[in-house]
Amino acid sequence: MSDDVDATVRAHHLVIVANRLPIHDVDGEWRRSPGGLVSAMLGVLRSRTGAWVGWNGKLDQTEDDLALPTIQEIDGADLVSVPLSSDEFSHYYEGVANGALWPLFHDAIRESTFDADSWVTYREVNRRFATATARSAAPGATAWIHDYHLLLVPAMLREIRPDLVIGFFLHIPFPPQELFMRMPWREEILRGMLGADLVGFQRSVGAENFVALCRRLLGVEADHDQVHSEDDRRVRVGAFPISIDVHEIEQLARRPDIGARAVEIRERLGNPTTVFLGVDRLDYTKGIDLRLISFGSLLRAHTDTTSTPQSAPIVLVQVAVPGRQGVESYVEERRTVEQLVGSVNGEHAAIGYPVVHYIRRGLTLEELVPLYLAADIMLVTPRRDGMNLVAKEFVAARLHDRGVLILSEFAGAADELTDAILVNPHDPDAVEMAMDMALTMDPDEVEHRMSNMRKVVTTHDVHEWARTFLCDLTETGDDG
Ligand code: ADQ
């Protein structure tokens with residue numbers, strides 16, 4: 001690395017560290033990635049001299065790239081790229097992050113694969129992220145590390161740069177003791193996370209699980225909001241429920257062309273009386289299959305009204321973005337979902353009127369918000385979810401206090417959105433009953449519930465979330 005570049009890299013007072021950089025390649029050009037988290041992080045980076053350390057999504061870059069992180073400016077923040085080889089990707093990302101940690105942290109709803117060689121790569125890649133962060137941070141700077149891909153980075157970073165204030169936030173659930181105990185590298189993970197000054201979770205139950213495990217596995221003193229680490233530091237632990245960029249969604253929802261698009265969507269669906277909507281990554285945690293099964297039963301129970309040859313009065317639009325197709329359980333999940341879509345349509349569709357409209361690709365927010373507006377009932381039925389931002393986006397888009405949210409009790413969002421119809425997604429009858437309840441809910445009650453949920457979402461947006469975490473982190477740094 002040249003001295004000039006090194007000098008620029010060192011100057012940052014805030015460094016965000018995440019698996020992915022907030023950019024993606026569109027036909028050879030880098031574009032800023034969408035999403036509330038990206039806009040919140042770039043917002044806090046802009047107000048300080050900030051950098052973002054992450055992988056740019058491209059595999060097998062040259063040796064030079066491995067030795068020299070590239071820096072690029074986007075929206076006022078420097079980007080520091082951490083390169084990955086195809087082999088590292090398959091062990092670190094697919095093997096450990098998505099083959100071992102993701103399923104175990106989501107209630108072990110799929111079997112984890114624990115491969116010792118993959119763990120070695122996970123550790124090496126984490127070390128590379130820590131080194132890139134250490135090089136980017138000014139003396140006494142703040143580093144904020146994100147998510148399950150980088151559980152070891154806090155301790156590795158502290159080892160190289162004890163002067164930094166280090167925060168860690170986990171976007172997915174932190175599992176209960178009996179599940180975490182299955183993890184072969186359990187002590188190393190806890191020690192990795194404890195390298196931070198502040199460890200944040202989506203829900204307080206995640207924080208409680210973490211504290212209890214530190215006590216049990218490391219034998220350290222810990223109470224509900226702090227752990228006394230083995231290297232004699234006070235590590236604060238807490239819940240910081242993430243949110244969305246409410247302003248961005250509301251602005252879109254107010255645009256006349258978006259409103260017109262929502263009307264057009266309903267027309268194209270055949271002007272049904274009720275539009276159900278699901279928007280998810282095509283992931284087994286999201287419970288798309290469970291809702292399709294219950295939707296099929298609902299239609300069966302409403303057979304008189306649904307099987308007219310002219311139209312389908314009740315329809316479901318399901319948008320699903322595929323991903324992680326290198327992991328077998330994701331390929332299986334796609335097969336299951338697509339079989340169910342075919343089966344429900346086969347049983348209930350009329351010519352020209354499918355009952356399930358299935359779109360297997362990512363949509364832009366400009367395409368999603370018209371769907372949020374066109375829907376009557378939003379189905380968010382994950383088996384387990386750290387938070388679930390789709391639930392909050394739907395609520396933020398419903399400017400006129402109409403629309404019903406059916407929400408899994410197992411999503412972090414259920415702690416705040418208590419005016420949703422909360423449901424156990426594992427119980428097909430309960431999901432069907434929730435759908436029925438939504439169909440027949442008194443309009444005053446619909447309005448009352450949505451208005452309450454809008455108050456919650458609009459007063460806690462993602463910018464406030466980022467400020468709160470950073471504020472707590474720097475206070476911790478001051479007195480720790
Ligand atoms: P995810 O599991 O990716 O995130 P989620 O919070 O539901 O889950 O969604 C993230 C974003 O993806 C939302 O903004 C949504 O609009 C977008 N999205 C989903 N499906 C889409 C589609 N078909 N097309 C376009 N966009 C789509 C992880 C955790 C969550 C946690 C977040 C943030 O698993 O529990 O809420 O991080 O912390």
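Predicted model: local features only at pLDDT ≥ 70, side-chain atom pairs only at ≥ 80, totals over all residues.
View 1. A search of the whole structure finds one cavity of 30 Å³ or more. On a 1 Å grid over the protein atoms alone, a cavity is a set of points where a 1.4 Å probe fits but cannot get out, and lining residues have an atom within 4 Å of a point. Points are joined across faces, edges and corners, and a volume is the space filled by probe spheres set on them. Strand 17 (404-408) and helix 18 each give at least two residues to the lining of this cavity, and helix 18 has the largest share, four residues. Helices (H or I, at least four residues) and strands (E, at least two) are DSSP runs, numbered from the N terminus. By class, the lining of the largest cavity has eight nonpolar, one polar and two charged residues. Here Ala, Val, Leu, Ile, Met, Phe, Trp, Tyr, Cys and Pro count as nonpolar, Asp, Glu, Lys and Arg as charged, and the others, Gly among them, as polar.

**View 2. The second largest pocket has a volume of about 500 Å³.** Of its 22 lining residues, Ala375, Asp376, Arg398, Arg402 and Gly403 are the closest to the centre. A pocket is an open set of points with protein on both sides within 12 Å along at least five of seven lines. Helix 10 (246-254), helix 17 (428-440) and helix 18 (443-459) each supply at least two lining residues of this pocket, with the largest share, three residues, coming from helix 18. The lining of the second largest pocket divides into 12 nonpolar, four polar and six charged residues.

**View 3. Helix 16 (residues 389-397) packs on helix 18 at an angle of about 110°, with their axes 9 Å apart.** That makes helix 16 roughly perpendicular to helix 18, a term for angles of 65 to 115 degrees. Axes are lines fitted to C-alpha atoms, for helices over the stretch in contact, and angles run from 0 to 180 degrees between N-to-C directions. Lys392, Phe394, Val395, Ala396 and Ala397 of helix 16 meet Met450, Met453, Arg454 and Val457 of helix 18; contact means heavy atoms within 4.5 Å. This contact of helix 16 with helix 18 holds seven nonpolar, no polar and two charged residues.

**View 4. Helix 12 (residues 288-301) and helix 17 pack at an angle of about 60°, with their axes 9 Å apart.** The two helices are therefore oblique to each other, the class left once angles under 35 degrees (roughly parallel), over 145 (roughly antiparallel) and 65 to 115 (roughly perpendicular) are set aside. Among the residues in contact are Phe295 and Leu298 of helix 12, and Val431 and Met435 of helix 17. Altogether the contact of helix 12 with helix 17 has seven nonpolar, two polar and three charged residues.

Notes. Residues numbered from 1 in each chain as written. Heavy atoms only, no water.
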